[in-house]
Amino acid sequence: MRHCSVQVRGLLTRDELDRYNALIEVGSYLESQTRYDLAYTVQKEIDILILPAIERLKDKSRARDRATQEYLEAKERGDSFEDDEDED
């Protein structure tokens, strides 16, 4: 079974995470029984299950990129930042 990344797992809701763990366990059992045909179906379910968490991760990344862009634009304009005041 292919696991999703730690970042994606961290953004799963409690219900999604419980279901993810159960599906991984079932899929691993099926693989140990060489039932790869059924394990494939379980893996597809996992892939569908984690899609919302992947979108949440993308949203966080976009928000971080926007904040960085705003910071750089403000810095170019010469705006003052709180960190600059601490250097006195």
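This report describes the predicted model of one protein chain, from its overall make-up to single residues.

## Overall make-up

The protein chain has five helices and zero strands. Of the 88 residues in the protein chain, 23% are buried. The accessible surface comes to about 6,800 Å², and carbon and sulfur atoms hold 50% of that surface.

Contacts can also be sorted by how far apart the partners lie in sequence. Among contacts between residues at least 6 apart, 59% join residues at least 24 apart.

## Confidence in the prediction

The average pLDDT of the protein chain is 90, and 90% of the residues score at least 70. Among the elements, α2 has the highest mean pLDDT (97), while helix α5, residues 82-86, has the lowest (52).

Over residues 84-88 the pLDDT stays under 50. For this stretch the model has one contact beyond four places in sequence.

## Helix α2

Helix α2 covers residues 14-32.

The buried residues of α2 are Glu-16, Leu-17, Tyr-20, Leu-23, Ile-24, Gly-27 and Leu-30. They line one face of the helix, because they fall within an arc of 150° when seen down its axis. An α-helix has 3.6 residues a turn, so residues three or four places apart point the same way. The face of α2 turned away from the buried side carries the exposed residues Arg-14, Asp-15, Glu-25, Tyr-29 and Ser-32. The cover over the buried residues of α2 includes α1 (6-10), α3 and α4.

Leaving aside neighbours within four places in sequence, Glu-16 is in contact with Leu-11, Leu-49, Pro-52 and Arg-56.

Asn-21 also has its place in helix α2. Its relative accessibility is 40%, between the limits of 20% and 50%, so Asn-21 counts as partly exposed. Asn-21 and Ile-46 are 25 residues apart along the chain, and their C-alpha atoms are separated by 9.4 Å.

## Helix α3

Helix α3 consists of 14 residues, 36-49. At 1.5 Å a residue it should span 20 Å; the end C-alpha atoms are 19 Å apart, which agrees.

Which residues of α3 are buried? They are Ala-39, Val-42, Gln-43, Ile-46 and Leu-49. These residues cover an arc of only 115° around the axis, which puts them on the same side of α3. Tyr-40 and Ile-48 are exposed on the other side of the helix. The buried residues of α3 pack against α2 and α4, the latter being residues 51-77.

## The loop between α2 and α3

Thr-34 lies in the loop between α2 and α3. With a relative accessible area of 54%, over the 50% limit, Thr-34 is exposed.

What is the phi of Thr-34? The angle is positive, about 55°, although Thr-34 is not a glycine. Most residues other than glycine have a negative phi.

## The nonpolar core

In soluble globular proteins, nonpolar side chains tend to be buried together. The largest nonpolar core of this model has 16 residues. Those with the most contacts inside the core are Met-1, Leu-12, Tyr-20, Val-42, Ile-46 and Ile-50. The elements that give two or more residues to this core are α2 and α3. Helix α2 supplies the largest share, five residues.

Not counting residues up to four places away in sequence, its partners are Leu-17, Tyr-20, Leu-49, Ile-50, Ala-53 and Arg-56.

Methods:
Residues numbered from 1 in each chain as written. Predicted model: local features only at pLDDT ≥ 70, side-chain atom pairs only at ≥ 80, totals over all residues. Heavy atoms only, no water. Helix = DSSP H or I, 4+ residues; strand = E, 2+ residues; numbered from the N terminus. Buried < 20%, exposed > 50% of the residue type's maximum accessible area, 1.4 Å probe, protein only. Contact = heavy atoms within 4.5 Å. Areas by Shrake-Rupley, 256 points an atom, 1.4 Å probe, with all protein chains shown as cover. Expected span 1.5 Å × (residues − 1). Arc of directions from axis to C-beta. Core = buried A, V, L, I, M, F, W, Y, C linked by side-chain atoms within 4.5 Å. pLDDT = per-residue confidence, 0-100.
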